[in-house]
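Got your viewer open and a selection tool ready? Let's take a short walk, one stop at a time.

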Amino acid sequence: MPVLLLGMPGLAMSPATAMAQDVAASAPQPTPSLFAAPVPPIVSSGPLTFAPLVRQVGPAVVNIAVSQDNRQATGHQPLPPSVKGTPFEHKFRERMRAHGEEMLGAGSGFLIDPSGVIVTNAHVVGGADQITVSLADGTEFPARLVGSDDLTDIAVIQIHAPHPMPFVPWGDSRLVNIGDWIMAAGNPFGLGSSVTAGIVSARGRDIGTGPFDDFFQIDAPINPGNSGGPSFNLGGQVVAVNTAIVSPTGGSVGIGFGLPSEIVAPIVEELRRKGRIDRGWLGVTLADGPGHGGVQIVGIDRDGPAMKAHLHIGDVITAVNDEPIDTSRMLIRSIAAKQPESTVVLHIRRRHEILSLNACVGHRPDEDMED
């Protein structure tokens, strides 16, 4: 009986084998996939829990209650809008009664030094005659205002405790990327630590609160009473101070704003040293031109630094020292960062001339919002 060796050239195949091959050839071919082949994830791991981070940084997050000595004639203070109608209203009323119904509001803050130095928002402690700080364990201390800066909404207060305080370090917000994890913390109305987590949604947001707006936008909810609290990276470092939310209802809708540490930390150090912020001032009114290439002067303050430097209306400032200037906001920030009484070189375009003029930077008036 002949032996059939399959796959050997020149040899015959069995009828069954030939039929199987005919069926395979006539079967419909699969349609090419619309999707790429699976690849390893770009983000290969993430926190399964934030609990270790909360345990590490939570003790340094504090509640801040402010009150005034002069009560209203009725003897009752209205509830702050951020509290009314929220689950915190009952707790806040209890604290008002405990403080003689003098409380005006509450916010959060965080300790940055074991000696009891606390950072918060200026709007949290503004107008206060008395400031009371509550730690995470409920212990209360009176606090004094060291200094505040309304233009960036940052304030520094101080408590004196009989033992070193837990504190948190600054992190470098310049290393934070859009999409990074961020954890916002607070201590609302003395209830204890409150944390939320999310990602950094955007950088460099201008929300119209002042000339130095440069906010992180985060989707971690910043709840009522968390203003002035810190936002942490996953290393437990403060990379932003919670400042504002966008909300048509008074509650979080996932759009919050924090001022980055690269702006806050130097301001805090100057407030600790001097109790105030000295900013440079040029004494001009500015207008952004179309496109790039400088900002135009449309007004000059009498006897201001710009007039003394012989700047003219219509001049276009293109650079300060070696720093190119494209917008009025850039010029305001550049001059504000200079030490008053220092000298800068202004590179200007005057009609068809290119000039460099020395200007002595002045002290920025408190009420002045122009450069």
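This is a predicted model: local features need pLDDT of at least 70, side-chain atom pairs count only at pLDDT 80 or more; totals for chains, interfaces and linings use all residues.

**Stop one: strand β16**

Select residues 316-320, which make up strand β16. Helices (H or I, at least four residues) and strands (E, at least two) are DSSP runs, numbered from the N terminus. Of the 5 residues in β16, 4 are buried (buried is under 20% relative accessible area, exposed over 50%, partly exposed in between, using a 1.4 Å probe and protein chains only).

- β17 (residues 323-324) is antiparallel to β16, with 2 bridges. The hairpin of β16 and β17 has 2 residues between the strands, and Asn321 there takes a positive phi near 55 degrees.
- β18 (residues 343-350) is joined to β16 by 4 bridges, again antiparallel. Look for Val316 opposite Arg349.
- β15 (residues 295-300) runs antiparallel to β16 too, over 2 bridges. Here Val295 faces Ile317.

**Stop two: Trp181**

Jump to Trp181, in strand β7 (residues 181-186). Trp181 is partly exposed, because its relative accessibility is 38%.

Show the ring of Phe50 as well: Phe50 and Trp181 form an edge-to-face aromatic pair, 5.3 Å centre to centre with 70 degrees between the planes. (Rings of Phe, Tyr and Trp, the last by its six-membered ring, pair if their centres lie within 6.5 Å; planes under 30 degrees apart are stacked, over 60 edge-to-face and the rest tilted.) Phe50 sits in the loop between α1 (15-26) and α2 (51-57), so its pairing with Trp181 ties together parts 131 residues apart in sequence. Phe50 is buried, at 19% relative accessible area.

**Stop three: Phe110 and Trp170**

Next, select Phe110 and Trp170, another edge-to-face aromatic pair: 5.7 Å centre to centre, 85 degrees between the planes. Phe110 lies in strand β2 (residues 103-111) and Trp170 in the loop between β6 (154-159) and β7, so this pair links parts 60 residues apart in sequence. Phe110 is buried at 0% relative accessibility, whereas Trp170 is partly exposed at 24%.

Notes. Residues are numbered from 1 along each chain as its sequence is written. Side-chain values use heavy atoms; hydrogens and water are left out. Two strands pair if DSSP finds at least two bridges between them.
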